[in-house]
Amino acid sequence: KRKGGQWGVMLGGSACIPGKAECTRDAVSEGCITVDGRTRPSLGTGAELGYRFNRYVFAGAAYNLGFFDTDYEVGGAASSGYRRGLQNSVFGVVRPTLPAWRFDFGLGLGAGFSRQTFKWDNSDDKDYSQGFAFLLSPTIDVYVSRRVFVGAKMDLILNGHGRTCEQRAATTVCSDTGMTD
């Protein structure tokens, strides 16, 4: 029947998608300071809550939390790089689904808000960007009973953040990055 309230929990991995910043080793010089490093994959988790109107359409909300394993050096000192990185995001989601026997093949589409934060070693200082994000999530679910399914899902979060900020002690400085640079 596959109709009614539906919730799900997700546990998996998170990885960087290259954009304005590269995910692989990247050295950037700004004035006399060189930032050298990369963002490696780590743990990701999420939750989904919504309603399945019929066999073919689910609508609801999704929350994702992804961690990044950061390996950065600032000015040649490994102890002055990022300690950790993470991304929080929340979306409104619509997922058209093609049911086939015990399987559901879906493609979730969502719009929402995300925030990426990179925290510095030995302090509460951080760099972050936040703003609009788009979600694209292909899914395959297998129903193991009438109401329980196990599945695989890949959430591709595309950030449209137009602003980055640096928070140092009690001072926050933000700059517009522009989405088309």
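## Burial and overall make-up

Buried means under 20% relative accessible area, exposed over 50%, and partly exposed in between, with a 1.4 Å probe and protein chains only. Of the 181 residues of the protein chain, 31% count as buried. The model is predicted, so local features need pLDDT of at least 70 and side-chain atom pairs count only at pLDDT 80 or more, while totals for chains, interfaces and linings use all residues. Residues are numbered from 1 along each chain as its sequence is written, and side-chain values use heavy atoms, with hydrogens and water left out.

The protein chain has 12 strands and zero helices; these are DSSP runs numbered from the N terminus, with helices being H or I of at least four residues and strands E of at least two. Among contacts (heavy atoms within 4.5 Å) with a separation of 6 or more, 59% are between residues 24 or more positions apart.

Strand β6 (residues 82–100) pairs with β7 in the antiparallel sense over 16 bridges; two strands pair if DSSP finds at least two bridges between them. Gly-92 stands opposite Ala-111 in β7. Two residues separate β6 and β7 in this hairpin, and Trp-101 in the turn has a positive phi of about 60°.

## Ser-114

Ser-114 is in strand β7 (residues 103–120) and is buried, at 0% relative accessibility. The side chain of Ser-114 makes polar contacts with those of Asn-159 at 2.7 Å and Gln-87 at 3.4 Å. A polar contact is a pair of N or O atoms within 3.5 Å; within protein, one must be able to donate a hydrogen and the other to accept it, and residues adjacent in sequence count only if both atoms are side-chain atoms. Leaving aside neighbours within four places in sequence, the contacts of Ser-114 include Ser-129, Gly-131 and His-161.

## Salt bridges

A salt bridge is a side-chain nitrogen of Lys or Arg within 4 Å of a carboxyl oxygen of Asp or Glu. By this rule the count comes to seven. In one of them, Arg-2 and Asp-104 have their closest N and O atoms 2.5 Å apart. This pair links distant parts of the chain, with Arg-2 in the segment before β1 (4–14) and Asp-104 in strand β7, 102 residues apart. Arg-2 is buried at 17% relative accessibility, and Asp-104 is buried at 1%.

Asp-127 forms a salt bridge with Arg-168, with the closest N and O atoms 2.8 Å apart. Here Asp-127 belongs to strand β8 and Arg-168 to strand β11 (residues 163–168), 41 residues apart. Asp-127 is buried at 13% relative accessibility, whereas Arg-168 is partly exposed at 28%. Glu-48, Arg-95, Lys-153 and Asp-155 are linked in a network of salt bridges.

## Surface sites

Val-144 is in the loop between β8 (126–143) and β9 (149–153) and is exposed, with a relative accessible area of 53%.

Tyr-51, Phe-53, Tyr-56, Val-57 and Val-94 form a nonpolar surface patch with about 450 Å² of accessible area together. Patches are made of residues with over 30% relative accessible area and no salt bridge; like charges are joined within 9 Å and nonpolar side chains (Val, Leu, Ile, Met, Phe, Trp, Tyr) within 5 Å. Tyr-51 lies in strand β4 (residues 42–54) and is partly exposed, with a relative accessible area of 35%.

How values were computed:
Accessible areas come from the Shrake-Rupley method with a 1.4 Å probe; for residues, only the protein chains shown count as cover.
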